[in-house]
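Please walk through the strand pairing and the nonpolar packing of the structure shown here.

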Amino acid sequence: MSIDLDQFKQIFFEESFEGLDTMESGLLSMNDGGTDLDVVNDIFRAAHSIKGGSATFGFSALASFTHIMEGLLDEMREGKREADPDVVNILLESVDEMRSLMTAYQDNEEPDIEEMQKLQQKLEKVCGMEVSDSSSEPKESAAKEETEEGRRLGWNIEFIPHDDLLTTGNDPALLLSELCDLGNVTLSMDDSNLPAFENMNAEQCYLKWSIELLEKDADSVVEEEQITEVFEWVEDECDLLIKGIYPERKASDRRAGDRREGGAQEDRRQGARRTDTRRPSDKKPAQQAVTIRVDTMRIDELIDMVGELVITQSMLGQLGEDFDMAKLVSLREGLEELERNSREIQEAVMRVRMQPISFAFNRFPRMVHDLSQKLDKKVRLELIGEETEMDKTVMEKINDPLVHLVRNSMDHGLEGPEERLAACKEEEGYVRLKAFHQGGSIVVEISDDGRGLNREKLFNIAVEKGVINENDVLTDEQVFMLLFAAGFSTAAELSDISGRGVGLDVVRRNIESLGGNVGVKSVFGEGTVFTIRLPLTLAVLDGQLLQVDAQTYVLPLASIIESLQMDEKSISGLASDTMVYRLRNEYIPIISLSRLFSTGENTEVNLAGKLLVIVEWADKRIGLCVDELLSQQQVVIKSLETNYERVVGLSGATILGDGTVSLILDVSSLMDMSNKAIECVNKSNKLAPANGSQEGV
Amino acid sequence: MEAVAGLSASENQYLTFILSGEEYGVDILTVQELRGWENTTPIPNTPSFVLGVINLRGVVVPIVDLRDRFGLESMEYGPTTVVIIVKVNAGGKDRVLGIVVDAVSEVYDINKADLQPPPDMEGSISIDFVTGLATMDEKMVILLDIAKLVNEGILSGSNKDSSAAEVEASV
């Protein structure tokens, strides 16, 4: 019998990693004090499933390790043990170890046992002390016993199945044949309970066995765990008595089979564990299929919508059979219906890819917990807006930048307890992760109430490193953004937590490659806020079509603040060839797309009366001068890089209803292109407030 | 794709086209299809030989004017003007793009042994883009290494930096 276990393995890994996350967050919540029985039960269940699954797939190291951990959890569950920080910490360490074991198994590598054994001993120590004085079942390790009593020759096993063993889908014959693989087995069966044939219930087990398992030779030692592992799934459906066989001396009675098991795992197919547990490891590291978990509600919604679409389609089809002008109204209605259907389906499909950002946030409680111990700082982690949804691909890519920024805040941002008290702050600092939607973007803020950024220091370092010139005049924000320049680090010394000076520019690049941007605000002595802004999805965009020099472009609707017809009086020239528009006492640089893209025939244009579209990106505004505003519609983003290359000022292309290609404008890189102009205006905006208020009166 | 049966291993089929009276050939296996000329959407701030992009059944495909690229004088696009859609591996993945030529000519079986190395040439057709010269019916055919032409002659270096951080916008 052979079942392809690989497909189950993938599921096992997914579920187990989820289980580990559950355990971790449960343990962390216990850290705050108090043993909530529900939480302990959750953790126990997760551990139990992992144990069962890993035994099934032959990950024996993981199974035996989890087994010991489970013992400890069981005691907590029964109230025999309090969740003091030491226990929680060792359990957290164990979770880490399980994770690394699991990763090794997933990559088809042999796991590193050494680390595990150390931890296992620690765990056993914690368990052992408690067990010896509160339990009537001494759990001494087999190894210890061996040294005391000489070499073990084998095992005597009494296997007495309960009546209902067969109804749970287990087959004693398979268990026994598996035992045969371990060593030389002498089997005797007791059929005294077997009733007369006519009274026999086919689903009831009447037999019991006593088994003598002798080791094949001196090299192949059979451990007790291996035997209990064979009976793992039937523990609750049988009485199991395992005794060691030793030369001459009397073997001490050791009961190991009747540990309590809480899970409802026993009804798994027995067949699954019969296949080869040791898979040939000639395969390359497993290619992992990327899967996504979707609420079935959402899929049901989709199916409903497809149903509606089919109805609309057949209605339109019928209309087409014998169409005359009298039916024009119903044709229009049908087309409207079709449009509504397709839009709804599109939205629903997009939602399938959306996941709450809590998936990315979940790792932080653990990280902050560990780091605060390591750094000896008191840190409170606040998570806000965990339910904010974002595209799965985007989320995967912001994980690393987020980790980096949080580490950065904890290491450089927050001060130690003494320093905080000296600065009249609470001893405990906070790191806050906040996610929310704004327009068509998702914004994640990482803030702390630490020491803030030192403008002078940053400026001096930047001059020193040649990033800027000594005489440059920069705004606070521009100085802070220097943090993200390549090869820039403010940390006086390097630490293994952050600060090799290569980090923040990578963060910035990663985020910009997703079409987002990073910003930073800080008040010296009060704290720092990093802001990551990302597009909600990478696939579809609400766009405003506009025309410049007979070319149609798409501008993301979300970035548009307003559109207006320019009034000649508000246009003024600035510096050499920069024009600005005064809008409610704010000067906005006018960017001519025609000039930026060199599509215009002549560069001399009369701006008055032309249309200005004011767009915003990362709190900056520019006005794009366009010839005409066309319709608004959703467009599908096609990458230009697929067949060509990235073009500055464009985020991609799309195909319009008439089949022609239209280019999608990228506001942030348009701003970069016209950066010179913006800087000029920003400077004058700073100098002009007095002037502006005068005019405003 | 397998070569047509009957061809020996060293023989390749080449599709030839005319550019300003000269005959050029490309490996026929790189040719995806032939199309008539249609209007393109120009891409701003790109070299003049990049005419723009077209919609090829939902895929955005750039179109390159080979005359312009090779520094030949430009010509009005007429009814025989043909766009050859080629698929080549560039920058680590398959890219589809179209090249505009005056007219498509023939399909030849050319034995590699019959190729002559190109003479040292300078100018816009670097010698690197030419696999060799062949003589067919007393006429010279210039065989192009289209993959190399696309990689080094059409795509600019900027793409190599961005390809690492590239984001595929797929639906």
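Predicted model: local features only at pLDDT ≥ 70, side-chain atom pairs only at ≥ 80, totals over all residues.

Residues are numbered from 1 along each chain as its sequence is written, chains are lettered from A in the order in which they are written, and side-chain values use heavy atoms, without hydrogens and water.

Strand β17 of chain A covers residues 586–592; strands are DSSP E runs of at least two residues, numbered from the N terminus. Because 6 of its 7 residues are buried, β17(A) is largely enclosed by the rest of the structure (buried: under 20% relative accessible area, 1.4 Å probe, protein chains only).

Strand β16(A), residues 578–583, pairs with β17(A) in the antiparallel sense over 5 bridges; pairing requires at least two DSSP bridges between the strands. A:Tyr581 has A:Ile588 of β17(A) as its bridge partner. The two strands form a hairpin with 2 residues between them, and A:Arg584 in the turn has a positive phi of about 45°. β17(A) also runs parallel to strand β19(A), residues 620–626, joined by 3 bridges. There A:Ser592 is bridged to A:Cys625 of β19(A).

The largest nonpolar core has 58 residues; such a core is a set of buried Ala, Val, Leu, Ile, Met, Phe, Trp, Tyr and Cys residues joined through side-chain atoms within 4.5 Å. A:Leu555, A:Leu593, A:Leu665, B:Phe17, B:Leu66 and B:Ile84 touch the most other members. Its largest share, 5 residues, comes from strand β6 (residues 82–90) of chain B. Apart from this core lies another, of 46 residues, among them A:Val368 and A:Leu453.

Technical notes:
Buried < 20%, exposed > 50% of the residue type's maximum accessible area, 1.4 Å probe, protein only. Helix = DSSP H or I, 4+ residues; strand = E, 2+ residues; numbered from the N terminus.
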